[in-house]
Amino acid sequence: MSSSDKLPTCESSSALKDIQEVNLTYLMLAQRLLRENFAAGMFRLGFCEDVATTILQLSPAQIVKLASSGLLICGFRLDDYGLLSALSQDVLGGALQQAHSTILLSQRAPEIISEPAV
């Protein structure tokens, strides 16, 4: 395997700290949204019920441990160029644009991430 075939690593400690901070903030926000309104939180976060329940039950120590990963654990739903393009167009304006964005995002099913088989 050549060096160009290896997965990129996070060499900068600053970038690693930023990723960990995003992870911690995301997990704390997810718990808050789920506590305030479980169904709405699931919808906003794009979680299935099992993931939402698991996140909600994490202890502060578990959140810190999970957040310390060098990988970004939150998933952004704007990975579809067509969707991103539609959302960035200001053709509808104001509240109608926000409603359109919500409809487009709600049509996407939560992604299920599984660990690779060892």
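Among contacts in the chain between residues at least 6 apart in sequence, what percentage join residues at least 24 apart? In this predicted model, the figure is 53%. Let's keep that in mind as we walk through the chain.

Start with the overall layout. The chain has six helices and zero strands, so reading from the N terminus gives the run α-α-α-α-α-α. Of the 118 residues in the chain, 19% are buried. The accessible surface amounts to about 9,000 Å², and carbon and sulfur atoms account for 60% of that surface.

Is Gln31 buried or exposed? Its relative accessible area is 6%, and because buried means under 20%, Gln31 counts as buried. Which residues does Gln31 touch, once its neighbours within four places in sequence are left aside? They are Ile55, Leu56, Leu58 and Ile63.

For a contrasting spot, move along to Pro60, found in helix H4, which covers residues 60-67. Pro60 has a relative accessible area of 66%, and since the cut-off for exposed is over 50%, Pro60 falls in the exposed class. Where does Pro60 sit relative to Leu27? The two are 33 residues apart in sequence, while their C-alpha atoms are 9.9 Å apart in space.

How values were computed
Residues are numbered from 1 along each chain as its sequence is written. This is a predicted model: local features need pLDDT of at least 70, side-chain atom pairs count only at pLDDT 80 or more; totals for chains, interfaces and linings use all residues. Side-chain values use heavy atoms; hydrogens and water are left out. Buried means under 20% relative accessible area, exposed over 50%, partly exposed in between (1.4 Å probe, protein chains only). Contact means heavy atoms within 4.5 Å. Helices (H or I, at least four residues) and strands (E, at least two) are DSSP runs, numbered from the N terminus. Accessible areas come from the Shrake-Rupley method with a 1.4 Å probe; for residues, only the protein chains shown count as cover.
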